Amino acid sequence: MLNMIMSFGLPGVMAQGIIWGLMAIGVYITFKILDIADLTVDGSFATGGAVLVMSVTQYGMNIWISLLLAFIAGCLAGLMTGIFHTKFGIPAILSGILTQFALYSINLRILTCANVALNVRKYSDVVLISSFYTTDALIKCAIFAAIIIGLLYLFFGTQLGQSLRATGCNPNMSRANGINTERNKILGLVISNGVVALSGGLLAQYQGFADINMGRGAIVIGLAAVIIGEVLFAKIYRNLAVRFTSAIVGGILYYVIISLVLRMGLKADDLKLLTALVVAIFLGIPFWKKSIMDSRIKKGVESNVKNQ
Amino acid sequence: MLKINNISKTFNTGTVNEKKALINVSLHLKEGDFVTVIGGNGAGKSTLLNSVCGVFNIDSGSIEIDGADVTRLSEHKRAKYLGRVFQDPMMGTAADMQIMENMSLAYRRGKKHGLSWALTSKEKKVYKEMLSQLGLGLENRMSSKVGLLSGGQRQALTLLMAVAQKPKVLLLDEHTAALDPTTAGKVLELSDKFISENNLTAMMITHNMKDAIAYGNRLIMMNEGRIIYDVSGEEKKNLTVDDLLKKFAALSGEEFANDRALLN
Ligand SMILES: Nc1ncnc2c1ncn2[C@@H]1O[C@H](COP(=O)(O)OP(=O)(O)OP(=O)(O)O)[C@@H](O)[C@H]1O
Ligand SMILES: [Mg+2]
């Protein structure tokens with residue numbers, strides 16, 4: 001088993017896992033903190049990759065500035081969804097789908113074609129991480145993730161960040177306490193998609209290209225990572241930094257498991273089916289738990305009645 | 001302190017479900033007034049309170065709080081004037097957040113939420129002090145999630161949060177209705193204590209006529225979107241439940257229809 005993991009390059013798999021885990025943190029912000037299922041991410045992940053690759057290859061920009069631009073582009077995508085949701089009154093899911101749909105055109109505009117390479121040999125001084133140097137990539141991704149988690153942890157500890165958490169937790173209570181819930185929803189979507197696009201920019205560097213389809217299914221992978229992380233860390237003291245970290249660990253595990261089952265002979269084509277089923281099952285668990293509990297209580301009451 | 005001028009609200013206008021919930025209602029409260037509100041199911045009591053809070057736009061009329069016209073102000077902007085406790089104990093607090101985090105949200109009601117750290121040790125001391133007023137021991141578990149508290153504890157906390165930043169008007173919508181009688185009594189006592197100690201202007205909807213008579217200095221009765229009876233001072237103090245039921249029958253031409261009121 002261990003041999004198998006080593007043979008397909010554990011560091012590389014883990015580096016990718018961290019990148020997707022970072023994306024999952026974006027999903028965590030909307031899905032868990034804001035209580036919104038935001039489908040924008042499928043588009044904004046690719047937007048991040050596209051913006052990064054183009055600003056490096058076409059405009060010769062510094063990699064950090066390119067990453068910043070990718071982040072900003074993601075923020076704008078989130079802004080669009082937020083405006084659709086709060087100012088147009090469109091349900092959150094549909095708002096995300098609309099933005100994602102629109103982003104397909106926008107991403108094609110940015111990339112000019114479906115797939116643009118970021119040649120690592122040519123840009124070796126520029127690119128931060130690459131699949132050619134997996135251990136190096138793993139370390140850098142880990143540092144990157146730690147910084148993002150730190151910044152987000154600080155943000156959610158501020159008055160503004162706290163009001164954002166309240167907005168997701170209880171909008172009625174938030175408004176009664178003078179919190180502008182609409183603005184906060186927009187802000188949450190902006191930050192989330194910024195993080196997602198940033199991880200898209202990292203993945204584009206790692207794999208050496210940006211692709212119009214690179215974000216397809218991102219929301220599902222993000223949910224998978226969040227859920228795996230949640231199951232693993234359920235018992236540990238759950239402050240927000242731990243929860244963000246658990247999403248990263250979830251992303252890594254997801255990628256390691258996927259690599260393993262592929263090695264064991266699963267067809268790559270069937271992967272999405274498998275992932276979707278696993279996510280559906282895990283999302284279903286709390287619901288089933290509740291109905292089992294309810295029926296137990298019912299039975300208990302019935303038997304009590306009989307006994308009397 | 002609170003001036004409700006001739007306000008009306010119709011729900012589902014132009015449909016078969018059209019419902020005139022408030023019809024030309026006016027009510028002026030002086031500073032320190034504590035008015036109890038009674039009336040049958042669907043009389044418009046909650047709609048009246050929600051109008052003041054800005055949960056929805058009213059169709060006509062105006063609302064002034066402490067001299068400021070708030071008629072067109074959105075709900076979160078009005079919040080700086082208002083303390084609120086809802087009927088549902090789940091509604092007034094954020095379950096996934098700590099007790100002290102909830103307190104700090106309330107303590108900052110109506111102020112800017114900036115990028116400075118939310119929980120300073122100085123503030124924590126203030127919250128501890130405030131929580132100890134409840135006598136529930138919550139001051140010793142400030143980092144517990146509010147979701148772990150019982151309904152009564154949560155409602156007491158919501159009440160404390162509503163007055164943490166002195167409100168111009170305190171609005172209580174059947175805030176003890178979901179609690180067991182003993183807990184309800186305690187929360188009610190606390191409400192009365194906070195109101196009198198801080199000389200708050202308050203409105204309290206209740207389905208319990210005895211409470212409506214025992215608390216406050218003024219009582220209004222609502223029916224079908226109108227205030228049909230308004231009494232204060234000595235006359236209010238000397239009322240009995242029987243008087244109120246008779247009054248209701250005489251003024252509305254029907255029996256008092258509030259299933260919960262009849263249980264009491
Ligand atoms: N958001 C709404 N949409 C449609 N109709 C509403 C809405 N809110 C209240 N109503 C209707 O307006 C009328 C007044 O309701 P309201 O909640 O003010 O009554 P209430 O006096 O608080 O009654 P209760 O004692 O049952 O709480 C009711 O007929 C109710 O169905
Ligand atoms: Mg009501």
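1. Gln153(B) is found in helix H5 of chain B, which covers residues 151-164; helices here are DSSP runs of H or I with at least four residues, strands are runs of E with at least two, and both are numbered from the N terminus. A polar atom of the Gln153(B) side chain lies 2.9 Å from the backbone nitrogen of Ser150(B). When neighbours within four places in sequence are left aside, Gln153(B) is in contact (heavy atoms within 4.5 Å) with Leu136(B), Leu138(B) and Arg141(B).

2. A word on the basis of this note: this is a predicted model, in which local features need pLDDT of at least 70 and side-chain atom pairs count only at pLDDT 80 or more, while totals for chains, interfaces and linings use all residues. Residues are numbered from 1 along each chain as its sequence is written, chains are lettered from A and ligands numbered from 1 in the order in which they are written, and side-chain values use heavy atoms, with hydrogens and water left out.

3. Around ligand 1 there are 14 residues, of which Gly42(B), Gly44(B), Lys45(B), Ser46(B) and Thr47(B) come nearest; a residue is near a molecule or strand if one of its heavy atoms lies within 4 Å of it. Strand E2 (19-29) and helix H1 (45-53) of chain B each supply at least two residues of this shell, and H1(B) gives the most, with 3 residues. By class, the shell has 3 nonpolar, 7 polar and 4 charged residues, where Ala, Val, Leu, Ile, Met, Phe, Trp, Tyr, Cys and Pro count as nonpolar, Asp, Glu, Lys and Arg as charged, and the others, Gly among them, as polar.

4. Taken alone, ligand 1 exposes 630 Å², and the protein buries 64% of that, with accessible areas coming from the Shrake-Rupley method with a 1.4 Å probe.

5. Chain A and chain B bury about 2,300 Å² between them, 56% of it on carbon and sulfur atoms; buried area is the accessible area (1.4 Å probe) that two parts lose on being put together, summed over both. The contact takes 23 residues from chain A and 33 residues from chain B. Between the two chains the count is 2 salt bridges, each being a side-chain nitrogen of Lys or Arg within 4 Å of a carboxyl oxygen of Asp or Glu. Glu101(B) forms a salt bridge with Arg165(A), with the closest N and O atoms 2.8 Å apart.

6. On the side of chain A that touches chain B, the elements giving two or more residues are helix H6 (134-157), helix H7 (159-169) and helix H8 (171-176) of chain A. The largest share, 7 residues, comes from H7(A).

7. Over all chains, the count comes to 12 salt bridges. Within chain A, the side chains of Lys87(A) and Glu182(A) meet in a salt bridge (3.6 Å, N to O). This pair links distant parts of the chain, 95 residues apart, with Lys87(A) in helix H4 (residues 63-87) and Glu182(A) in helix H9 (residues 181-207).

Methods:
Polar contact = N/O pair within 3.5 Å; in protein donor to acceptor, adjacent residues only side chain to side chain.
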